[in-house]
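Q: I'd like to learn how to read helix packing and a nonpolar core from a model. Can you walk me through one?

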Amino acid sequence: MVQSEVIDANELARLQRQRENTIAPELHSSVIAGMVSAAARFIPLPFVDDLVRSKCRKYVVKSTLDSVGRGELLVEFDSLYNEPGGMFSGAAAMAAKVPLKILLFPIRKVVAVMTSVRGVPLEVIRCILIGRTVRRMADRADRPSKEALRKAFDSAFARMDFRVVRAVISDALEGIDRWSDAAIRLAKKVAANESVQSIESSERKPLDDGAERIEKSLNQPRITQLFSEFDSKLDGILNK
């Protein structure tokens, strides 16, 4: 009986380690949000991509906090979904930037579409890492300030070489028929709906299979090692 309890305890520890080093299926909502956020670049309307991106990242933060029973911390992590100086930084700042944004919109949209091969997987990666970071930080008693966290996150993200992950995600998406059509439809719904929970719409169902395919593709040692490296870089910057 004692031996059985020891075996069970060891097995539990092994499963816990496996869970911590596994990308799927815990971050399914992050992958979905990343796909929808990335698809906003294909909507030919000013400001929609900024709006959808912010809402999708907020959804990642909210769903992650809810999953660990810390939903009350949403405001503490708002820097991870609000762009510094972006459209959510204040009415005055937004109004000042509107003319320039409209003027540059055609150029920005063309660039966004032309760079989608790189930009789409990067947005999926970013949403995954936002969820991963929130999960890691939620129960810490010494959580950094929201400004310090955003600055450290952006710095760590910029220092990473995600070419392998981008290639894996791109390959996974190529195997999904017309995933972007479903993602664009949901992105439009997200843009029109004030609630971040609009991502839970039944219209996201076609994306679930795609997300599962991405998760399975990412669930390999070299990818989990890269994400662990990101964690280390982020912690190192915060501890300086």
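This is a predicted model: local features need pLDDT of at least 70, side-chain atom pairs count only at pLDDT 80 or more; totals for chains, interfaces and linings use all residues.

Q: How do I describe two packed helices?
A: In general, you give the angle between their axes and the distance between the axes. Here, take H2 (residues 28–39) and H9 (residues 205–218): their axes come within 9 Å and cross at roughly 115°. H2 and H9 are therefore roughly perpendicular to each other, and their crossing is right-handed.

Q: Which residues of H2 and H9 make the contact?
A: H2 brings His28, Val31, Ile32, Met35 and Val36, while H9 brings Leu207, Asp208, Gly210, Ala211, Glu212, Ile214 and Glu215. Sorted by kind, that contact has seven nonpolar, two polar and three charged residues.

Q: What about the core?
A: As a rule, nonpolar side chains in soluble globular proteins tend to be buried together. In this model the largest nonpolar core has 64 residues, and those touching the most other members are Met35, Val36, Val61, Phe77, Ile125, Phe162 and Val165. Among the elements giving it two or more residues are H2, H3 (48–67), H5 and H9.

Q: Which element gives the largest share of this core?
A: That's H5, with ten residues.

Q: What does Phe77 touch?
A: Setting aside residues up to four places away in sequence, Phe77 touches Val61, Leu65, Val134, Met137, Ala138, Arg143 and Leu149.

Q: Is Thr133 buried or exposed?
A: Thr133 counts as buried because its relative accessibility is 0%. Thr133 sits in H5 (residues 116–137), and beyond its neighbours within four places in sequence, Thr133 contacts Leu149, Phe153, Phe230 and Leu234.

How values were computed
Residues are numbered from 1 along each chain as its sequence is written. Side-chain values use heavy atoms; hydrogens and water are left out. Helices (H or I, at least four residues) and strands (E, at least two) are DSSP runs, numbered from the N terminus. Buried means under 20% relative accessible area, exposed over 50%, partly exposed in between (1.4 Å probe, protein chains only). Contact means heavy atoms within 4.5 Å. Axes are lines fitted to C-alpha atoms, for helices over the stretch in contact, and angles run from 0 to 180 degrees between N-to-C directions. Angles under 35 degrees count as roughly parallel, over 145 as roughly antiparallel, 65 to 115 as roughly perpendicular and the rest as oblique. A crossing is left-handed if the near helix is turned anticlockwise from the far one by less than a right angle, and right-handed if clockwise. Ala, Val, Leu, Ile, Met, Phe, Trp, Tyr, Cys and Pro count as nonpolar, Asp, Glu, Lys and Arg as charged, and the others, Gly among them, as polar. A nonpolar core is a set of buried Ala, Val, Leu, Ile, Met, Phe, Trp, Tyr and Cys residues joined through side-chain atoms within 4.5 Å.
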